[in-house]
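Here are a few exercises on helix packing and pockets, each with a worked solution. Keep the sequence and the coordinates open while you work through them.

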Amino acid sequence: MSKLVVVGTVAFDAIETPFGKTDKILGGAATFIGLSASHFNTEVGLVSVVGGDFPQEYLDMLSNRGMNIEGIEIVKDGKTFFWSGKYHNDMNTRDTLATELNVLADFNPVVPESFKDAEVVMLGNLHPAVQIGVIEQTPAAKLIILDTMNFWMDSALDMLHEVIAKVDVITINDEEARQLSGEYSLVAAARKIHTMGPKYVVIKKGEHGALLFHEEQIFFAPALPLEEVFDPTGAGDTFAGGFAGFLASSEDYSFDNMKRAIIYGSNFASFCVEKFGTERMQTITPEEINTRLEQFKALTKFEINA
């Protein structure tokens, strides 16, 4: 079975949307990525850090869903990373109310020996120094996927460029693509980001789908129109998990297979937003996944007599 290394936060979130609010609940990039990737025939190894306040039941849930948690360091006398945010009525914009790094401030990732031969590495949104540390510990990787954000572009741009030069795929949203490239056109932005190192550029546009760029080829995947969106938190990470999990399980890193991976990522993201936090991701069934995949196919299936 193929192996997928996932590095990112395993954390607490407190979320407020127009539909309600939560106290501290399970969150974090690695959590969402892992829950999504675990639906594929691949061994998923999580690399993260939590404090002594992190419930054993959460760790058990991750393990019971087939994820290897050897790489999750537990700092007994520390506190787990915490983020709190409030979404506006459009659900596309949000205000960060609190960010407490806690044990994440001194996180030094250690990839378990059993996962150092992984072929696929998913670098969740973390400090570029942590991401470089994981790359150095996975020399057998054939596909390295990077997720990052504008915060690191503002605060650690030089080191971020080091990471970008080492990866095969970068996944960022449209605003971040424009900031990183200095280009407004997403086509021009992707072309410029290609020159930084990645062979593939994935630009996420939220409810408006995602774009995949490779050399002169472009693929667009729609987002599934949903009647209700309760909580967008983690949707981008869930997308990345579906994308990486599919590629790891298929062991095919071609442009054509990346197209399929984009659809799988979008499919899982559509489930994530239906409930708060990871709640929906813990309950989806293979039947639901396949039914929704058919809906995605129907969105863009048509014939033209030219």
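The exercises below concern a predicted model.

**Exercise 1.** Describe how α3 and α5 are arranged, and which residues bring them together.

*Solution.* 
Step 1. Start with the geometry: α3 covers residues 128-136 and α5 covers residues 157-164, and the two pack at about 25 degrees with axes 9 Å apart.
Step 2. Angles under 35 degrees count as roughly parallel, so α3 and α5 are roughly parallel to each other.
Step 3. For the handedness, α3 passes α5 in a left-handed crossing.
Step 4. Now list the partners: Pro128, Ala129, Gln131, Ile132 and Ile135 of α3 meet Met159, Leu160, Glu162 and Val163 of α5.
Step 5. Sorted by class, the residues of this contact between α3 and α5 are seven nonpolar, one polar and one charged.

**Exercise 2.** Work out how α1 packs with α8, and which residue classes make up their contact.

*Solution.* 
Step 1. Helix α1 (residues 29-37) and helix α8 (residues 235-250) pack at an angle of about 40 degrees, and their axes lie 7 Å apart.
Step 2. The pair α1 and α8 is therefore oblique.
Step 3. The crossing of α1 past α8 is right-handed.
Step 4. From α1, the residues in contact are Ala29, Phe32, Ile33, Ser36 and Ala37; from α8, they are Asp237, Thr238, Ala240, Gly241, Gly242 and Gly245.
Step 5. Counting classes in the contact of α1 with α8 gives five nonpolar, five polar and one charged.

**Exercise 3.** Which residues line the second largest pocket, and which helix gives the largest share of the lining?

*Solution.* 
Step 1. Take the volume: the second largest pocket holds about 150 Å³ of space.
Step 2. Its lining consists of Pro222, Arg260, Ile263, Tyr264, Leu293, Phe296, Lys297 and Thr300.
Step 3. Assign these to helices: α9 (255-272) and α10 (286-300) each supply at least two lining residues.
Step 4. The largest share, four residues, comes from α10.
Step 5. By class, the lining of the second largest pocket has five nonpolar, one polar and two charged residues.

How values were computed. Residues are numbered from 1 along each chain as its sequence is written. This is a predicted model: local features need pLDDT of at least 70, side-chain atom pairs count only at pLDDT 80 or more; totals for chains, interfaces and linings use all residues. Side-chain values use heavy atoms; hydrogens and water are left out. Axes are lines fitted to C-alpha atoms, for helices over the stretch in contact, and angles run from 0 to 180 degrees between N-to-C directions. Angles under 35 degrees count as roughly parallel, over 145 as roughly antiparallel, 65 to 115 as roughly perpendicular and the rest as oblique. A crossing is left-handed if the near helix is turned anticlockwise from the far one by less than a right angle, and right-handed if clockwise. Contact means heavy atoms within 4.5 Å. Ala, Val, Leu, Ile, Met, Phe, Trp, Tyr, Cys and Pro count as nonpolar, Asp, Glu, Lys and Arg as charged, and the others, Gly among them, as polar. On a 1 Å grid over the protein atoms alone, a cavity is a set of points where a 1.4 Å probe fits but cannot get out, and a pocket is an open set with protein on both sides within 12 Å along at least five of seven lines; lining residues have an atom within 4 Å of a point. Grid points are joined across faces, edges and corners, and a volume is the space filled by probe spheres set on the points.
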